[in-house]
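Let's take a look at the charged side chains in this protein and who pairs with whom. Have the sequence and the model open side by side.

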Amino acid sequence: VTMPLKKGDAATAIKKAAAVVEGNFTTQMVHQSPLEPEVTVCYFDGDELVVLGRSINIHAAKAQLSEALGYDKIRYEEPYVGGQFGIKATLSTEQVCAAAALYFKKPVRYVPNIDESMWLSSKRHPFDMDAKLAVDDKGIITAYDIDFYVNTGAYMTVAFIPVSRALNMLSSSYNMPNIEAVGKATYSNDGSGGAARGAGPPQACFALESLIDMAAEKCGIDALEFRRKNSLKPGQGKATGMIVKQWEFTDMCDLIKPHWERAKKDVAEFNKKATGDIRRGVGIAANSFGIGDPGDKGQLAVEVDPDDGITIYAAIADPGEGNDSMLTQLAAHVLDMPMDKIRLYTRKTDKTVGMGPAAGSRMTFIGGGALVDACEKLKAAMDEAKTKTYKGLQAAGKPVRYEGTRVSPGEGRPDPK
């Protein structure tokens, strides 16, 4: 996988720069060490193969299993499982367990031990980054150039995700008028890489923030002030060219400043009095992290039940993020109904459509937004019919099921200029 991103003319800006800092930056492979083993249970319901797994993207998991096994009649279900930081975006034991169930025509459960878990689970991708940052004589960033390699291990799995996400969020909190970037995912004989704590942008941010510190020192500007003066502003564009309408980073810097000054003073006083080998330091770093992706989309449905309760049909996993609570509270608030009247059908593929991964706050923004859309449509119908009941809606000729959609702005493409 090779993905370029170009904004403006970085090469020319670097040649004209008052100062340039550069370096090679690497991040290591990390095993996520979940306490919960990668358990899968498979059994047949008629001729339908039911897979109970831990996926945070159940429709994608079902599609991968169908292709790998050559068997289309699969229902994927996510039971109540423990938390995760991305490791459940990739299959682990589901394919082996499902293949065994198909072969033996019997229920199968696979519970790996910790040694097997270390071998079969996906790891945080290591990054190797060559980057340079250019500034003018006032310490304003004029260009950023980066080539980075993502070690995806023996299998591709989701390698395109950390590459694309690192590029989408490349400029972080700052205004960068000129960018030249290329991200590449490469195979190796290491363990396969997968989503983990941000899936790409944190690794790229490490290189950028290191260069920010180097540039601030070279320009003789305080590290916090350098970040503040290079902040993105409303009306300016991100690395992809998407224009932001609001940006509170400078306000955050102002709030942090008294604590930053105090920390520097405390360190200076400690080091002045220190007589042994121990000295203290103080550092600062920033990051701007997106929720989902440009053009991200979610779809779901709400339906009034015969007993006047509401069922939400959505492929929204809850790996410790509180999504069940979020959906229940949103629906109850919009429809002005008690929460015990809200039901969830969110963990099975048979009556839902693909919603993408339950990753961080994404489901609150995308899934929650789609739910609000569906509930507002239902509420409008209830208001028109002057009823909140199943029979009342039917008598008024109104549907009892409404679909909702949430689409994020943008397409994630490089700036055309």
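Here is a short walk through some of the salt bridges in this predicted model.

## The overall count

Side chains of opposite charge can pair when their charged atoms come close. This structure holds 23 salt bridges, and a few of them are picked out below.

## E36 and its two partners

Start with E36, which pairs with R54; their closest N and O atoms sit 3.2 Å apart. E36 is in the loop between β2 (19-26) and β3 (40-45), while R54 is in the loop between β4 (48-52) and α2 (58-69), so this bridge ties together parts 18 residues apart in sequence. E36 counts as partly exposed because its relative accessibility is 24%, whereas R54, at 5%, counts as buried.

K88 also forms a salt bridge with E36, with the closest N and O atoms 2.8 Å apart. Since K88 belongs to the loop between β5 (74-77) and α3 (94-104), and E36 to the one between β2 and β3, the pair ties together parts that are 52 residues apart in sequence. K88 is buried, with a relative accessible area of 2%.

## A bridge from strand to strand

Next up is E48, which forms a salt bridge with R75; here the closest N and O atoms are 2.4 Å apart. This one links distant parts of the chain, with E48 in strand β4 and R75 in strand β5, 27 residues apart. E48 counts as partly exposed at 23% relative accessibility, and R75 counts as buried at 10%.

Key: Residues are numbered from 1 along each chain as its sequence is written. This is a predicted model: local features need pLDDT of at least 70, side-chain atom pairs count only at pLDDT 80 or more; totals for chains, interfaces and linings use all residues. Side-chain values use heavy atoms; hydrogens and water are left out. A salt bridge is a side-chain nitrogen of Lys or Arg within 4 Å of a carboxyl oxygen of Asp or Glu. Helices (H or I, at least four residues) and strands (E, at least two) are DSSP runs, numbered from the N terminus. Buried means under 20% relative accessible area, exposed over 50%, partly exposed in between (1.4 Å probe, protein chains only).
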